[in-house]
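This briefing is meant to be read alongside the sequence and the 3D view. The points below are grouped by topic.

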Amino acid sequence: MIVKEVTGILEELAPLDFAEDFDNVGLLVGDHNQEVTGILVTLDTLENVVDEAITHKCNLIVSFHPIIFSGLKKLTGKTYVERVVIKAIQNKIAIYSMHTALDNAREGVNAKICEVLGVVEPKILIPQKNTIKKLTTYVPLEAADQLKAALFEAGAGHIGNYSNCSFSTQGTGSYKANENANPTKGKIGETHYEEEIQVNITFASSVTKKVLNALFENHPYEEVAYEILTLDNTNQNIGMGMIGSLKKPMKELDFLKMVKESMHASGIRHSALREKPIEKVAVLGGSGAFAIKAAMAAGADIFITADVKYHQFFEAEGRMVIADIGHFETEQFTKNLLVDYLTKKIPNFALRLSGSKTNPIKYL
């Protein structure tokens, strides 16, 4: 397999279009067409991780966090970022990052946290906006079913738990072909009228290319009339954080102790306990304080995240417990998720879970 084939498999789980605008995801170092000898999956790409890749003959590192976040103007080896990039290039090791693309994925970072903590029936906490598009096109009656089937196959027409969703209306289309045209129906220089179906179908922005390819390959006309609009509707399957329920309510202190043990946390910073059972749990891996109000609005009894500042703990206002268990701790199982996913997709391939310690925070 080449790098591009592996990253294509990863993008089926977390399309790069899912990533936040500020992020830097995708292939950060290396050649898309390089043959892959082995894959090393890690949370962070540090120098010791590159050394581990070299030792185990892995020339593709799949990393959650991007080693290059802002622009690099020099490569002199003065910073750890520069040293990692230099060493990777010298050893022909490609580095691919997923970060917020995987954060926003339905089966990504936060789904894994829910799995570890026993949170069931999780839903997206903050659905992503501007990720649903609508295609409108016009097709002759006899070609409508074939076209819709191809669009469905390309990933269009999914709404929640339903697939093959579309809306059609019948009408009369007209056009006049000039001398340079090769019309499927009608004659050059004459206005042609055709009974057509107007097809309306929604799709996720991540499959735009596939949908357009299906449209052009299956539409009978030489020139395809179509329009694409971005909808204000939120996508319930893409977004930050998740919220679900415990199978049985737990006492607050008992639940926090379970979280500490399950997430291997060295400590938990939390707001005041409410002396009420924990039943509804919200989670957001990494720096998630921006979602405190969303978690409260969703009725969470506790919100588990990281990097919460002093004054942000006051925002709980006795209505919810805010628990900061550590940035690394909330994301540590991400590499396990990716290894499990890749193992199913490409079994018997040289795939390795990084054993390097990358948590920069130590506790006394």
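By class, 16 nonpolar, 11 polar and four charged residues make up the lining of the second largest pocket, where Ala, Val, Leu, Ile, Met, Phe, Trp, Tyr, Cys and Pro count as nonpolar, Asp, Glu, Lys and Arg as charged, and the others, Gly among them, as polar. The model is predicted, so that local features need pLDDT of at least 70 and side-chain atom pairs count only at pLDDT 80 or more, while totals for chains, interfaces and linings use all residues. Residues are numbered from 1 along each chain as its sequence is written, and side-chain values use heavy atoms, with hydrogens and water left out.

**The second largest pocket**

- The second largest pocket has a volume of about 660 Å³, a volume being the space filled by probe spheres set on grid points that are joined across faces, edges and corners.
- A pocket here is an open set of points on a 1 Å grid over the protein atoms alone, where a 1.4 Å probe fits and protein lies on both sides within 12 Å along at least five of seven lines; lining residues have an atom within 4 Å of a point.
- The second largest pocket has 31 lining residues, and Asp44, His65, His99, His327 and Glu331 lie nearest its centre.
- At least two lining residues each come from helix H3 (80–90), helix H4 (99–103), strand S12 (278–287) and helix H10 (327–331), and the largest share, four residues, comes from S12.
- Helices (H or I, at least four residues) and strands (E, at least two) are DSSP runs, numbered from the N terminus.

**Serine 63**

- Serine 63 lies in strand S3 (residues 60–63) and is buried, with a relative accessible area of 0%; buried means under 20% relative accessible area, exposed over 50%, and partly exposed in between (1.4 Å probe, protein chains only).
- The side chains of serine 63 and threonine 45 are joined by a polar contact of 3.1 Å, and a polar atom of the serine 63 side chain lies 2.7 Å from the backbone oxygen of histidine 65.
- A polar contact is a pair of N or O atoms within 3.5 Å; within protein, one must be able to donate a hydrogen and the other to accept it, and residues adjacent in sequence count only if both atoms are side-chain atoms.

**The largest pocket**

- The largest pocket has a volume of about 1100 Å³, and of its 33 lining residues the closest to its centre are Pro15, Phe18, Ala204, Ser206 and Val207.
- Helix H1 (3–13), strand S8 (191–204), helix H7 (208–218) and strand S10 (235–250) are the elements that give two or more residues to the lining of the largest pocket.
- By class, the lining of the largest pocket has 13 nonpolar, 13 polar and seven charged residues.

**Serine 205 and strand S8**

- Serine 205 sits in the loop between S8 and H7 and is buried, with a relative accessible area of 13%.
- Leaving aside neighbours within four places in sequence, serine 205 is in contact (heavy atoms within 4.5 Å) with Asp17, Thr131 and Lys133.
- S8 pairs in the antiparallel sense with S6 over nine bridges and with S7 over 10 bridges; two strands pair if DSSP finds at least two bridges between them.
- Phenylalanine 203 in S8 is the bridge partner of lysine 133, and valine 199 in S8 is that of serine 168.
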